[in-house]
Amino acid sequence: MRRPTFLLLAPLCVAAVAQQTDVINDEAKVPRYTLPAVLTLRSGQPAHDAKTWTGRRRPEILSIYESEVYGKSPAKPAKLNYEVRSVEKSALGGKAVRKIVTVFFSERPDAPKMDMLLYLPAGAKKPVPVILGLSFAGIHTVANDPGVPLAEQWVRDVKQPAPEKTRGASTTQWQVDKILAAGYGLATIYYGQIEPDFVGGMKHGIRPLFFKPGQTEPAPDEWGAIAAWGWGAMRAMDYLEKDKDVDARHVALFGHSRLGKAAIWAGAQDTRFSIVISNESGEGGAAISRRDYGERTKDLNTRFPHWFDGNFKRYSGREDEMPFDSHMLLSLIAPRGLYVASAEGDQWSDPKGEFLGAANASPVWELFGRKGIGTMEMPGLHQPVGDNVRYHIRAGKHDVTEYDWEQYLKFAAAQWGR
Ligand code: GCU
């Protein structure tokens with residue numbers, strides 16, 4: 001039976017983690033910490049107005065995250081090409097128009113390329129807002145063949161033309177009917193086409209396309225896999241801007257878990273995304289790193305060394321020395337819409353740390369006269385809080401559910417007024 005590998009991997013990750021004995025899962029044991037000031041320039045001067053923030057503080061924080069965390073990404077390639085491979089006028093029982101678009105990152109025929117699956121509400125009278133999501137499967141699948149190393153399976157299956165076998169396999173995680181009913185489109189791209197997610201996967205992805213002659217590894221301040229996935233989302237946005245059925249001023253970027261980290265980083269850099277949605281992005285995403293609860297920097301760096309840049313390795317066990325923390329990362333989304341969500345059963349992602357990331361970023365929205373989360377008190381289950389920065393925690397495990405989508409769609413409607 002062919003099953004998407006991610007579905008098999010996720011429970012294994014959780015099991016591996018549960019055995020780690022030095023991980024703090026008790027609120028009373030969390031050591032005290034002090035966050036770096038989001039509204040103070042490196043020089044020590046205040047950044048207490050929107051102009052100073054935008055002109056000086058924002059670029060400082062962006063450059064810290066580029067060099068110390070995710071690594072610098074290249075600009076949009078001059079030779080980016082798209083091909084609309086198919087347009088089905090009556091998909092999903094007549095509810096949607098379905099397009100499959102291939103994005104070519106380079107003119108080299110053997111270079112990586114990615115396929116975007118785009119659903120638009122049928123019969124739309126004008127360009128529609130779109131939710132763009134990085135996906136763990138999408139129209140691609142990775143076979144689970146016992147005995148064949150994962151790396152080989154991944155390369156073999158992703159190099160094939162999109163087999164579309166897993167389309168529809170994660171319908172609860174992608175509430176396409178609800179999204180279409182709200183009048184929005186849904187675009188997904190499979191992250192493994194941008195770079196396969198394993199140590200050594202880099203050579204099959206997009207990063208080597210940008211190496212200087214003779215370069216075989218990224219420099220310590222150059223992009224890791226998370227930045228590469230986020231860069232792919234930005235290239236998807238380049239296409240959406242050209243599609244006349246899409247209202248590109250209203251595109252929300254969504255990501256779950258490691259792809260939530262990628263969505264935040266892409267949204268931080270690229271202000272074309274009018275909303276960023278982080279679903280349980282956890283450590284290295286929305287959660288405060290200094291809060292020693294659940295996953296830590298050293299877990300990321302040892303278990304997923306390909307995700308972040310080389311410089312990030314120096315912060316394992318040294319979170320207090322970070323000249324940044326997640327509230328600063330999230331502040332880069334201001335004054336646009338930001339949604340951070342957690343699950344009670346996903347303590348590894350540190351729900352309270354995710355809330356505190358969003359709450360401590362909120363003063364930046366206030367500089368623009370926009371309300372942020374509006375409270376420093378972690379809300380109870382199923383009680384979304386906040387205005388232009390919104391947060392909820394729901395019951396259940398690490399996942400994306402119907403409840404989550406209902407909240408995201410309400411938020412999008414409030415942000416977009418449509
Ligand atoms: C692991 C990892 C997390 C990540 C998650 C996921 O649990 O430790 O940082 O968010 O995988 O992407 O599912």
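Select Glu295 and the ligand: an N or O atom in the side chain of Glu295 is 2.6 Å from an oxygen atom of the ligand, a polar contact (a pair of N or O atoms within 3.5 Å). The model is predicted, with local features needing pLDDT of at least 70 and side-chain atom pairs counting only at pLDDT 80 or more, whereas totals for chains, interfaces and linings use all residues. Residues are numbered from 1 along each chain as its sequence is written, and side-chain values use heavy atoms, with hydrogens and water left out.

Then select Trp348, which has a side-chain N or O atom 2.9 Å from an oxygen atom of the ligand. The protein buries 94% of the 320 Å² that the ligand exposes when taken alone (Shrake-Rupley method, 1.4 Å probe).

Now display the residues around the ligand, among them Ser257, Lys261, Leu300, Arg303 and His398; such residues have a heavy atom within 4 Å of the ligand. Helices α6 (258-269) and α7 (297-303) each give two or more residues to this shell; helices are DSSP runs of H or I with at least four residues, strands of E with at least two, numbered from the N terminus.

Move to strand β9 (residues 389-394), where six of six residues are buried (under 20% relative accessible area, 1.4 Å probe, protein chains only). Val389, Tyr391 and Ile393 lie on one side, and Arg390, His392 and Arg394 on the other.

Finally, select β8 (residues 337-343), which pairs with β9 in the parallel sense over six bridges; pairing requires at least two DSSP bridges. Here Ala341 stands opposite His392.

Note on methods:
Buried means under 20% relative accessible area, exposed over 50%, partly exposed in between (1.4 Å probe, protein chains only). A polar contact is a pair of N or O atoms within 3.5 Å; within protein, one must be able to donate a hydrogen and the other to accept it, and residues adjacent in sequence count only if both atoms are side-chain atoms.
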